[in-house]
Every structure is written in C-alpha cells, then in structure tokens.
2 protein chains.
Amino acid sequence: MIKELTVKQLAAISGVTVRTLRHYDEIGLLKPARVGANGYRYYGRAELLRLQRILFHRELGVPLNEIGGLLELEGEDQVGVLLRHRQKLEAEGARLAELIDTIDRTIASINGETTMSNADLYKGFSTEKQAAYEAWLIQRHGEPMRQDITRSRRRLDASTAQEQAAAMAQLQQLEESLAEACRRDIDPASTAVDELIARHRAWVAMMWDKPCPPEAYTGLADLYLSHPDFVARYERIAPGFAEYLVRAMKIHAAAAGFTASSRLSPG
Amino acid sequence: MIKELTVKQLAAISGVTVRTLRHYDEIGLLKPARVGANGYRYYGRAELLRLQRILFHRELGVPLNEIGGLLELEGEDQVGVLLRHRQKLEAEGARLAELIDTIDRTIASINGETTMSNADLYKGFSTEKQAAYEAWLIQRHGEPMRQDITRSRRRLDASTAQEQAAAMAQLQQLEESLAEACRRDIDPASTAVDELIARHRAWVAMMWDKPCPPEAYTGLADLYLSHPDFVARYERIAPGFAEYLVRAMKIHAAAAGFTASSRLSPG
DNA sequence: TGTTGACCCTCACGCGGCGTGAGGCTGGAT
DNA sequence: ATCCAGCCTCACGCCGCGTGAGGGTCAACA
C-alpha cells in the first residue's frame with residue numbers, strides 16, 4: 001500500500017538521520033526491502049515497523065547489538081527482557097537522585113562556607129559531640145593525638161568548600177559501596193572489600209594529613225563501635241552495617257599490621 | 001606529610017585505574033607533581049585533592065574537558081555551574097521516569113494482548129466513544145472511510161503487541177516534542193515543527209495503512225478540535241496544546257496540498 | 001651478584017553510535 | 001544539455017578509557 005521509501009523519506013518520517021539508516025544496514029539491524037541496481041536502498045512497510053520497534057528499544061537504552069536478538073523474541077521472553085531493563089532504569093534513576101542530593105549538599109556547604117565547614121565535616125554531628133569524640137581519641141591515644149587534631153582542624157578550615165565537598169562525596173561513595181557489600185553479604189575479608197577499606201583508610205589519612213597506621217585505624221574502628229551516634233548513622237545506611245564495617249576495618253588493619261611489621265623485621 | 005605517590009598507589013586510594021591517571025595526564029587534566037628521570041609519575045597531596053574534585057564532577061556526568069575549566073572557577077560561578085548541572089540531571093531523571101512508564105504500559109499491553117489491543121490503540125477511550133469517532137469520520141468522509149476503518153482494524157488486530165507498543169511509544173514521543181514546541185511558543189509554521197508534523201502524518205498514514213492526503217489530515221485536525229475528549233487529552237499534556245497542534249496540522253496540510261497540486265498541475 | 005617479579009613507561013588499536021566530510025554516480029525536472 | 005537534489009561508498013573523528021605489545025626500572029631475596 002504505502003509505496004517504497006527512499007532513505008531520506010524513511011529518515012524523515014521516523015526522525016532518524018540517513019546516516020543512521022545506513023549504519024543499521026551495515027550492522028545488519030535493518031536491511032532495506034530491496035536494493036536497486038544503482039545501489040539505492042528502498043524500504044517498505046515492514047521495515048518501517050521494524051524500525052519503530054528498534055527505536056523503541058533504543059530509546060530505552062538497549063544497545064543496538066542486543067536489539068537485533070530482542071526483536072526475534074516473543075511474549076514471555078519479551079516481558080522478561082523489558083522487566084530486567086526496567087530495573088536498570090530504576091537503578092539509574094536512584095543514582096541520579098543521589099547525585100542531585102550531593103549537589104544540593106555541596107551548594108549548601110559552599111554557601112554556608114566558614115560557619116558550616118566544621119560541622120559539615122563531622123556530618124551533622126553537633127559541636128559538643130565532636131568535642132566528646134576528640135576527647136575520647138585524646139584519652140585513648142595521648143597528647144600527640146591532640147596535636148594531630150589541632151593540625152587537622154587548621155588544615156580543614158584552610159581548605160576550600162569545594163575540596164571539602166569532594167572529599168565528603170568520596171566518603172559517601174565509599175560507604176555506599178561498602179554498604180552494598182554488606183547487603184550482599186560479601187565476606188569482609190575478601191579482596192574486593194579490602195580494596196574499599198584501603199581507600200577508606202587513605203581517606204582518613206588524608207583528613208588527618210598524616211599516615212594512618214594500623215593501630216590508629218583499629219582505634220577508629222573502636223570509636224565507631226563505642227559511640228551510638230556512629231552506630232546509628234551506619235545502621236541507617238544498611239542494617240548490620242556498623243558491625244560489618246568495623247569488622248572489615250579490623251581485618252584490614254590486622255593484615256596491614258602484619259605486612260608492615262614483616263617488612264620492618266622480616267621473619 | 002603524605003609521601004609521594006606512584007600511579008598505582010594513587011589509583012588504589014582514589015579508586016580509578018592506572019590507565020585513567022595516565023589519560024588525565026595526557027589530556028592535561030591532572031599532571032603529576034613530579035616526573036622522575038626514569039619517566040615515572042609522582043603525585044602529592046595537592047594532586048590527590050585535585051583528583052578528588054575531578055572525580056566529584058565526573059560522577060555528576062560532567063565531560064572531562066569541562067572539568068578542567070570548572071576547577072579554576074570560584075564561589076558564585078561554581079554554584080551556577082552546579083545548579084545548571086542539577087537541572088540536566090533532573091531532566092534526565094524525568095526522562096527515565098517516562099521510559100519506565102512506557103515499559104509498564106508496554107508490558108500491560110503485551111499481557112492484555114487481544115482484549116486490550118483495540119482499546120489501547122485509541123489510548124484509553126472507551127469502545128462506545130471509538131464508535132462515535134468512527135461514525136463521525138464516516139459521516140464526514142463517506143462510505144470509503146468505512147472501508148478504511150474496517151481494513152485498519154483488521155490489520156491492527158493482526159499486528160503484534162510489540163509493534164503496537166512501539167507505534168504508541170512513537171506517537172507519544174512526537175506529541176511530547178510538539179508539546180515542548182508549544183510550551184516554548186515556537187511558530188507552528190516553522191520548519192522544525194513542520195518536520196514533526198510530517199512525522200505525525202506519516203504515523204497516521206501507517207495506522208491507516210494508506211497515504212494520508214492533506215484533506216484527510218485536515219479532517220483529522222477537525223476531529224481533534226470538535227471532540228472534547230481529544231481536546232482534554234491534549235490540554236492535559238500542555239495548556240493550549242490542542243489549538244497549537246490543530247493549527248500546525250492545518251498549516252502543514254495547506255502547504256502539502258499546495259505542493260502536491262502544483263506538482264500535478266504546474267503553474 | 002645476579003635474578004626474580006612487581007612495577008613503570010610509551011605506543012597504538014578497539015569499542016558504540018553515529019557525525020561529518022570527500023569524491024563520485026543517478027534521476028527527474030527544466 | 002544542464003542542473004540540482006539525492007543517492008552511494010569509503011574513511012576519519014569523537015569520548016573515556018580497556019587492553020594488549022614491547023620494553024625499561026626498582027627493591028628484595030638467593
């Protein structure tokens with residue numbers, strides 16, 4: 001009924017470019033109904049329909065090489081594919097929401113600048129509580145720790161809001177990754193988790209502006225466990241996450257302590 | 001304080017690959033603090049901080065070549081950039097939500113198959129209303145239209161649920177694009193709008209399984225305007241969209257009629 | 001002292017989904 | 001006969017790296 005369509009015509013009514021049609025021909029996704037002796041491509045109704053289904057899936061973000069197979073599938077399978085794809089889209093949506101959240105917090109941090117920087121860095125904990133944590137750390141680790149804290153503070157106030165925001169975003173990402181590992185019940189002694197923990201330790205070291213030796217890291221883990229605020233914060237991210245995190249931190253510290261001492265005094 | 005870092009070390013604590021660091025060096029986004037006589041890259045604290053800010057923006061989806069400039073900006077500008085980026089993310093999120101919606105409707109359509117196909121194709125209008133529209137069309141266009149409708153129906157029932165879903169998705173996209181043009185108050189006689197309308201006409205032609213001559217297209221526009229259901233449907237998409245769409249359709253039909261007749265009888 | 005083995009380097013191609021020419025036919029209207 | 005629009009086939013470019021190949025370097029252990 002509908003006459004033959006040239007590339008340009010098909011492109012016009014389907015909203016893609018001519019190049020796209022040629023590309024789809026190249027990769028075998030959409031072949032013309034007929035190719036003239038002059039090499040011209042001619043498309044019919046069937047091709048238009050197929051193209052529309054292709055564009056449907058492309059819109060959903062399915063890679064072209066998968067679309068080919070998809071179009072052959074029927075009924076149940078199709079639904080399965082769509083459902084799986086739906087999940088991907090939802091995950092992507094959740095990620096976007098998180099990013100937007102991050103931006104909002106960053107902007108707030110930039111606006112609040114000096115007044116918020118410290119409070120923000122301890123992530124919503126009140127200043128009195130901060131003092132309490134610092135007192136605890138000093139009591140446990142002695143006078144040198146007091147100096148470290150003072151130094152860290154000074155550096156913190158000197159750093160720009162953007163640097164702080166970036167650092168915080170990093171921490172959050174790390175925590176989220178670790179929480180995911182926790183939810184999936186991945187062994188905290190596994191290499192994957194250990195790598196994340198190593199990054200966490202490096203983050204802490206950067207905050208302190210000095211290396212974070214295994215003992216100090218273990219101490220930090222203890223701090224997390226012994227203060228309900230921290231526990232609550234981590235439990236809010238995922239149930240059981242506080243214990244999981246602490247366990248992973250201690251496992252890592254133990255391994256790091258071993259390799260460090262074995263390096264210093266072999267045997 | 002924190003000693004120099006090799007590529008691998010920086011990669012480990014920042015969570016990127018070594019290749020990525022080299023790439024950032026190549027494109028001048030993150031240069032090492034120092035390059036040894038042996039060609040080794042060494043990074044310091046400043047580079048770690050810069051890298052974290054880079055990764056922060058990368059996470060947000062900012063292309064690398066823009067990040068370079070971004071890092072130089074300060075205060076207000078930064079906020080502006082972040083806000084603009086926030087908008088992009090929100091738009092992307094809205095798009096994802098739409099896609100998910102499309103999938104849901106597609107699945108519903110596949111599951112409902114024969115029972116839903118017809119009703120679905122007229123997009124939620126009841127069967128009685130459909131009959132009314134068809135009666136209206138027949139009354140206006142005479143007996144041939146009845147045959148067209150019957151034929152169209154038969155073909156419709158024969159087509160697969162996926163084809164129908166794809167066609168519907170296409171229609172929705174077109175309508176959304178046109179609605180956006182309406183919101184932005186773009187001249188319905190402009191080429192951009194005309195291209196969209198041309199695709200709309202092609203879509204209609206595909207549905208009818210026969211060409212849609214300008215007069216028929218004008219008739220369809222009249223149908224849209226004279227039935228409150230259509231008007232309501234379009235007004236729900238965007239205020240003033242019903243009139244806008246009809247106007248664009250008639251402008252297109254007039255132009256198409258002219259070129260068609262001028263082709264048939266020149267002068 | 002030499003030998004591992006883990007690291008480091010520089011090319012350089014590949015991917016996905018086309019955009020964007022260059023350079024050259026073809027087809028229909030004048 | 002001439003024009004121009006439309007068709008064709010290469011073939012390189014983009015982005016953000018992954019993934020080798022092929023070869024130097026460094027620290028630790030025998």
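Helices (H or I, at least four residues) and strands (E, at least two) are DSSP runs, numbered from the N terminus. This is a predicted model, in which local features need pLDDT of at least 70, side-chain atom pairs count only at pLDDT 80 or more, and totals for chains, interfaces and linings use all residues. Residues are numbered from 1 along each chain as its sequence is written, while chains are lettered from A and ligands numbered from 1 in the order in which they are written.

**Stop 1: DNA strand C**

With 3 residues, α2(A) gives the most to the surface near DNA strand C. By class, this surface has 6 nonpolar, 7 polar and 5 charged residues. Here Ala, Val, Leu, Ile, Met, Phe, Trp, Tyr, Cys and Pro count as nonpolar, Asp, Glu, Lys and Arg as charged, and the others, Gly among them, as polar.

**Stop 2: DNA strand D**

Now select DNA strand D. Thr6(A), Lys8(A), Arg41(A), Pro63(B) and Leu64(B) come nearest among the 18 residues around DNA strand D. The elements that give two or more residues here are α1 and α2 of chain A, with α2 and α4 (64-72) of chain B. The largest share of the surface near DNA strand D comes from α2(B), with 3 residues. The surface divides into 6 nonpolar, 7 polar and 5 charged residues.

**Stop 3: where chain A meets chain B**

Show both chains. Their contact (C-beta atoms, placed from the backbone, within 7 Å) takes 46 residues from chain A and 44 residues from chain B. On the side of chain A that touches chain B, at least two residues each come from α1 (7-14), α3 (45-59), α5 (75-121), α8 (161-183) and α9 (191-208). Select α5(A) next: this helix gives the most to that side, with 18 residues. That side of chain A holds 28 nonpolar, 9 polar and 9 charged residues. Of the interface residues of chain A, 96% are also interface residues in chain B, so the copies meet through the same surface.

**Stop 4**

**Stop 5: α8 and α9 of chain A**

Finally, select α8(A) and α9(A), whose axes come within 10 Å and cross at roughly 155 degrees. Such axes are lines fitted to C-alpha atoms, for helices over the stretch in contact, and angles run from 0 to 180 degrees between N-to-C directions. α8(A) and α9(A) are therefore roughly antiparallel to each other (angles over 145 degrees count as roughly antiparallel). Among the residues that make the contact are Leu171(A) and Leu174(A) of α8(A) and Leu196(A) and Trp203(A) of α9(A). By class, the contact of α8(A) with α9(A) has 8 nonpolar, 3 polar and 1 charged residues.

How values were computed
Contact = placed C-beta atoms within 7 Å. Parallel < 35°, antiparallel > 145°, perpendicular 65-115°, else oblique. Near = placed C-beta within 6 Å.
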